[in-house]
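Please look over the sequence and the structure shown here before reading the report, which is written for someone meeting them for the first time.

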Amino acid sequence: MKKIIATTLMLSLSFSASAREKFAGVYFDSSIPSYQIQILKDDLSYLYKSSIKDIDAELKPMMELSKVDGAHLYNWIYNRVKYIIGEDYRVGGRNLVTKRGHQFPSTPLPPSILNKNNQYRATLIMSNTGAELYLRGKMNKVLRGIRLDRKSVFAPSPRVGILQVGEGLFLERLLINENIESEANRIKRLGTLFHEARHSDGNSEHIGFLHSKCPEGHALSGLDACEPYSNGAYSLEATATKTLLLNCRTCSNVDKTKLSTIIADSLTRVTVRSHVKTEAQLLEEIATFQRVIDFYVNLIATNPQVGEPFKKELENLRARIKVSEDQLAELRSPVKPKKLDPRPEGTFKEVSVRESSNLMNASLSK
Amino acid sequence: MKKFVVSLVFIFIFTLIFWNLKNKERPKEDPVFPVKTVKTVGADLDEKTFSGQTPKEAKENADAYFEEHLKSLPTIDDLKNLTEEEVHHTPEIIKEGGELVGTIFDEAQKDPTKRMSAMNFFKKCAEDDQVAIPIRAVCLNRVYKLIPEWEIPVPMSDSKIPDEVLDLAMNLP
């Protein structure tokens, strides 16, 4: 009897340490530690339940959403992320499965893919394995997939949605604050999830929205950590993080500043930023300058003795606002920024908001 | 004898009370930070009267204190030493820099006497061409957001702010 109890206890413990499970339609592999699964589940629940009032103007067109709310944002993720595997999962050996005879679309591959070796797998925080399997499969004309829960999951499209999460996503020193379950940390992890989910998009030369080498003069020059288009993974991460941050109810001043730094860092990777400002952004920029100008005008009017430095600053600010106004005029003329085509190629099923919401609600009610 | 001791104690207590009251009624000394209608960043440092220090020395000390903070910020050269894996997502040193800027902002938000110094820090951080671009952008964002809120004028050196930093700063929440 004692042996039975001991065995049952040991089995229970081993399952609680790492156990595969499905939540809101997303499969979490047993290679992910159970505490990480729980956090990711809570992150997805947080996103789904989010009350989004302030929205970054770029988000809706970038994600091609009809509406911005928790259900639509979760649906966007779910259409691109269906399987999550852990850092210890080895994409190779007996885990790798192949199938010959699959007909891939006869579209060209992204030009940079031939020069890349394990681009995604090299990333320890999170990586999009599904897009990599599809690209490698298409390159070698062999359908590739991985074994999950004794079943083969093939990648007939980058939209298969297999992500690999690393410990970096949960490490204390990489968190926004000490509380791993805080809203600020959830926003940070979700930003990374949106980034990786974007790699499930694209067709032809745009498959996977691959990063490219940062140009000369960039702080990360020579590293594959930039994108020369305005709707890629870094742009999307910045825009999604910004929207979630704008709606954060419990973020402290320090949290907000740290998350702003992440947004700024992501945007520095977009090497065509000067061409991608939206009308709303420019209007906000002009309004911000105007508030500062109003302050100085009032200051000079009430304190005539303040002298030249403030008058010169006022001139500078007026010059700045002029630049913004000129950019706005240019934007209103028919000049289109360079964007990649996010429509995915290959075989996949687009899940409706109702379907993904039903899956989430079923999991939440358990 | 007993009466004598009681009288002595009574006199002693009465003297203490009287001395205490007298001290309380002393006129207050000039405030360390005289109230002014207009101050520029760094101006308060000239007015501090640290014990045993001239205003110039006090300013130099304060500047040195900020220099130390500025030195902790990640630089462009720091980023160049990172590997591809470390830069795929926001590098740790950038997050640490953000934490430092956030902490300074938070302290000044809670304690208005620190706002001049904080603004001085943000200005120097935004104008420093060695500091990593995302950090400079966050600092500049703080400057422009806080000038009207804190009502502290901070003339920026236009030539020290590249368009990239300005564009980023304006795109932050």
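## The interface of chains A and B

In this predicted model, 52 residues of chain B are in contact with 56 residues of chain A. The area buried between the two chains comes to about 4800 Å², and carbon and sulfur atoms give 63% of that area. Four salt bridges are counted between chain B and chain A, among them one that joins B:Glu99 to A:Lys258, where the closest N and O atoms lie 3.0 Å apart.

## The side given by chain B

On the side of chain B that touches chain A, the elements giving two or more residues are α4 (76-80), α5 (84-88), α6 (92-110), α8 (133-151) and α9 (163-170) of chain B. Of these, α6(B) gives the most, with eleven residues. Sorted by kind, the residues of this side of chain B divide into 28 nonpolar, eleven polar and 13 charged.

## A sheet in chain A

Chain A holds an open sheet of three strands in the order β4-β6-β7, paired in the antiparallel sense. Its edge strands, each pairing on one side only, are β4 (96-99) and β7 (151-154) of chain A, and the twist from one strand to the next averages 40°.

Between β4(A) and β6(A), which covers residues 143-148, the antiparallel pairing extends over four bridges, and A:Lys99 has A:Leu143 in β6(A) as its bridge partner. Helix α5 of chain A, residues 129-140, lies across β4 and β6 of chain A and runs at about 140° to β6(A).

Technical notes: Residues numbered from 1 in each chain as written. Chains lettered and ligands numbered in written order. Predicted model: local features only at pLDDT ≥ 70, side-chain atom pairs only at ≥ 80, totals over all residues. Heavy atoms only, no water. Contact = heavy atoms within 4.5 Å. Buried area = accessible area lost by both parts, 1.4 Å probe. Salt bridge = Lys/Arg side-chain N within 4 Å of Asp/Glu carboxyl O. Nonpolar A, V, L, I, M, F, W, Y, C, P; charged D, E, K, R; others polar. Pairing = 2+ DSSP bridges. Axes fitted to C-alpha atoms, helices over the stretch in contact; angles between N-to-C directions.
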